[in-house]
Amino acid sequence: MHGAVSEGIGRWLAELREGRARLVRFDGGPGTGRTTALRALTAAARQEHGCTAVLVRCAHAESGFAWGAVRQLLDALPPGEDLAGFAARDGGWFDALRGLAPGEIQQRLHWLLTRQAAQRPLVIAVDDAHWCDPESLRFLGYLARRLEHAPLLLAVGADPGATPEAERALAELTDDPDLLRVLLPALTADQVAAECRRVLGHDHLAAACLAATHGIPALVTAFLTAEPVGSAPRSVAAAALARASAHHPEAARALRVLSVLETPVPAPVAAKILDRPPAETADVLALLARLSCASVDAGGVAIGPPLLRQAVRQALAPSARHEAESRVVAVFAAEPGGRERAARHLLAVYPEGNTSHLELLHTSADQLLAQGRYTDAAQLLRRALAEPVVGDRRAELLAGLGTAELYQHTPSAAGHLETAMAESSSPASRLSWALQLAHALALTGKAAQARDILSAELDRVPLNGQQELLGRAAAELTFIALSSDDVLSARREETGGLGRRAARVEGMSGAYQVLSAAFECRPAAEVTARIHQALAGGLEPADQSAMTWLVVAGVLLWADQLDTAAQLFAKGATEADRWHAPLPRYTAAWLGGLTAWHAGRPDQARELTATAIRLAQGRDWDQWRVGPAIAALAIAEECPEAFPSPAACGLDEHGDLPRLWVADLALAARGQWKVGAGRPEAGLADLLAAGQRLTAIGCLNPAAAPWRSAAAVALSRLHREEEALALAEEEVRLARSWGAARALAVALRRSGDVRGGPDGLAEVEESVALLGERFPLELARGLLVKGRLLRSVREHEQAREVLGEAHRKAGQLGAGRLLARIRDELIAVGGRPRLPRPDQDGPLTTGERRVALLAARGATNEEIAARLYLARRTVEAHLTSVYRKLGISGRAQLPAGLGKLGLADGEDAAIPAG
């Protein structure tokens with residue numbers, strides 16, 4: 001009950017004790033708390049104020065019982081001396097009254113009640129007065145006009161919308177200038193939350209409860225006490241339909257029919273659905289609104305609150321629901337832009353073999369597929385397949401369903417696509433569906449079967465003029481090859497089992513040609529030139545997976561072209577979002593995270609990688625889901641708090657991994673992580689296994705996975721120096737062949753570390769010189785090794801200088817494990833390392849500085865989030881911290897605040913291209 005009502009009750013009763021009479025009317029429909037308020041009034045009157053209090057309950061079934069309410073009142077009054085001779089409970093008393101004039105009867109009853117009130121203040125509460133019998137109602141009106149003669153409080157609870165007749169009768173009772181009219185409002189959000197805590201013991205469902213009930217007390221109670229919580233009891237529907245029927249039969253029908261609508265419709269559309277004249281419909285809708293059963297406004301017509309709509313809809317008989325939904329379908333289908341809404345309502349219509357319904361479902365599903373709304377499309381397609389449909393139309397529906405399921409539950413998609421191909425008579429359709437089926441099979445570890453199916457279809461179908469299909473087929477064959485080491489090895493050895501035409505199509509894939517060249521360590525400049533040439537003319541058509549973009553961007557990442565790679569990862573993510581495709585979306589995220597890590601943007605790297613891990617979760621049938629672990633483990637090597645274990649990266653720490661290229665890279669990353677965690681023997685086993693697998697598929701490039709040098713480090717720690725040097729030297733040779741600075745710097749650093757002495761120091765110095773400032777993490781690692789080797793030849797002063805620089809850079813990156821190793825070396829050469837301060841290069845962290853610079857240039861939070869691959873809440877948190885550190889209040893002051901730190905508007909080095 002509202003606090004204002006409670007306060008009013010206390011005030012009225014206090015005034016009553018002082019002799020002031022009052023007439024109060026509580027107005028509200030069913031469930032608004034009228035009865036609760038009247039019960040609280042009478043209870044407080046008896047228990048707290050020493051009054052005589054009577055609660056009279058009227059009912060529709062007793063409205064024809066003459067003097068029924070008055071009899072309840074007199075029966076409830078306590079006997080007293082003044083009533084002893086009056087025989088109030090003698091049934092003959094009413095017989096005697098019948099012979100009197102109406103005015104005489106009312107005068108005697110009034111005398112009786114005023115005498116009672118004179119002994120002790122009297123409170124009379126009449127609930128559901130709209131159902132009061134006419135005789136008692138006339139007397140209550142007589143009494144209301146004479147309240148000032150005694151300390152008496154008359155409180156009436158009524159539903160103003162119960163019936164027109166009742167409202168007219170109540171007007172006589174409450175047509176008084178001194179009437180206090182209380183409109184019972186809905187519960188507030190805080191009151192709903194309090195009620196949730198009272199009933200459930202928590203308020204977790206408070207927001208849902210408020211949305212479903214609009215705060216109407218009875219609906220709140222129904223929501224919280226239903227089994228299960230939140231379901232719609234039938235009693236809610238029965239009460240609403242009874243009220244509607246009492247006013248107008250068409251009102252109850254409108255309530256039933258319109259309850260199947262989930263969203264508002266314009267009033268003219270509602271009139272068509274009800275099949276009634278617009279004027280009559282307007283009257284009915286206005287009535288439903290007055291009864292609090294519907295909202296009718298500029299936003300349209302809707303039955304509500306939602307719990308009421310749900311209850312009425314669930315109370316419909318199946319045949320009635322079918323009839324209502326069918327009517328809605330017919331009206332929506334004829335409205336401009338209403339076909340999709342019509343199709344959704346067909347989900348509740350029984351299959352009837354209606355060809356127009358089938359066409360509506362099919363075309364609407366196709367539109368949803370084009371928009372990437374796969375879940376909605378799948379619902380419509382399953383419903384369409386329930387219709388009696390055969391032949392090519394059935395094949396088209398099955399193929400559509402397979403496409404819709406492709407990124408939701410790939411195993412089901414494969415079954416539907418396979419059936420569609422078997423039932424189709426169209427060669428072009430079969431090839432299109434074969435592409436989808438092949439993708440589904442490859443994704444679930446059946447790449448060889450995918451290759452065979454697609455190869456067979458390519459050999460069977462004439463391809464003249466089918467350039468788009470050819471481009472998609474070439475892209476899909478690349479994806480299939482990357483999905484299985486066996487298929488990739490067979491392709492490399494030209495024993496792939498492809499038909500003649502399929503082999504020719506496969507050779508059209510520019511992405512695969514680029515990847516093959518990179519695998520073989522052909523010069524990076526040559527490979528990237530081919531990529532940029534392709535970019536200038538537009539990449540080959542990408543299939544739905546967008547994996548072609550990601551393959552090309554991955555090669556650019558290996559070649560140290562980080563900005564262009566980041567742009568392509570963003571493009572791949574956009575394409576994946578357009579198709580609502582989780583695989584390329586999380587692949588673009590972890591590759592973007594790895595790019596950010598190499599570029600020295602740790603906040604962005606962690607954010608993107610965590611997003612990739614989250615998107616890949618729950619896809620146990622997806623063998624590509626191990627990809628995010630590659631970036632996560634790279635970060636965890638130096639920042640174990642970000643991803644404490646392989647399990648936190650989405651990877652089993654000990655088990656075998658599926659045999660595909662991305663899993664091979666993940667296996668190498670796991671080995672490097674184990675070596676860094678002080679487990680060289682376990683790490684070596686993973687690294688050598690990864691190397692064997694990568695070599696088998698022809699991937700020799702250390703930029704993809706520097707497994708040789710990492711294994712060399714592990715071997716050195718196990719005192720197997722000769723083997724270590726052999727692997728390290730091989731990686732240096734391959735990295736020189738590739739020619740990219742980062743891969744060569746890593747190989748030289750590890751080789752120099754293993755070799756030691758002057759020769760080792762020379763390699764490490766070359767490594768540091770190659771890196772410059774582009775790769776701060778690798779530079780800090782290189783400086784650490786250089787400092788260690790300088791210490792080994794007793795060049796302590798130079799070692800301190802080098803290690804101090806390494807310590808500063810590692811501190812800026814937040815690389816805790818690396819920082820600890822550097823600190824140990826510094827102490828060993830007599831240095832005194834200081835803990836890095838966030839304001840070492842100014843008060844802003846790297847992430848805050850990047851966000852602040854973009855915001856100062858006018859970028860919105862959404863634009864900053866998209867450009868830096870951050871969540872919007874992360875951008876907001878960074879800006880809040882920046883404002884606090886700079887002592888400013890908002891965006892407009894950013895340029896001046898950053899200028900004081902010497903952060904010029906042209907400082908772009910730390911900001912990735914978007």
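## Helix H36

Let's start with the buried residues of H36: Pro680, Gly683, Leu684, Asp686, Leu687, Ala690, Gly691, Arg693 and Leu694. Buried here means under 20% relative accessible area, with a 1.4 Å probe and protein chains only. Helices are DSSP runs of H or I with at least four residues, numbered from the N terminus. Keep in mind that this is a predicted model, where local features need pLDDT of at least 70, side-chain atom pairs count only at pLDDT 80 or more, and totals for chains, interfaces and linings use all residues. Residues are numbered from 1 along each chain as its sequence is written, and side-chain values use heavy atoms, leaving out hydrogens and water.

What sits over those buried residues? Among the cover are helices H26 (485–492), H35 (661–676) and H37 (707–717). Just past the end of H36, glycine 698 has a positive phi of about 85°.

## The largest cavity

Searching the whole structure turns up five cavities of 30 Å³ or more. A cavity is a set of points on a 1 Å grid over the protein atoms alone where a 1.4 Å probe fits but cannot get out, and lining residues have an atom within 4 Å of a point. Volume is the space filled by probe spheres set on the points, which are joined across faces, edges and corners.

The largest cavity holds about 580 Å³ of space. Its lining has 35 residues, and Leu594, His598, Ile630, Ala703 and Ala704 lie nearest the centre. H35, one of the helices covering H36, also supplies at least two residues of this cavity's lining.

Notes:
Buried < 20%, exposed > 50% of the residue type's maximum accessible area, 1.4 Å probe, protein only. Contact = heavy atoms within 4.5 Å. 1 Å grid on protein atoms, 1.4 Å probe; cavity = no way out; pocket = protein on both sides within 12 Å on 5 of 7 lines; lining within 4 Å.
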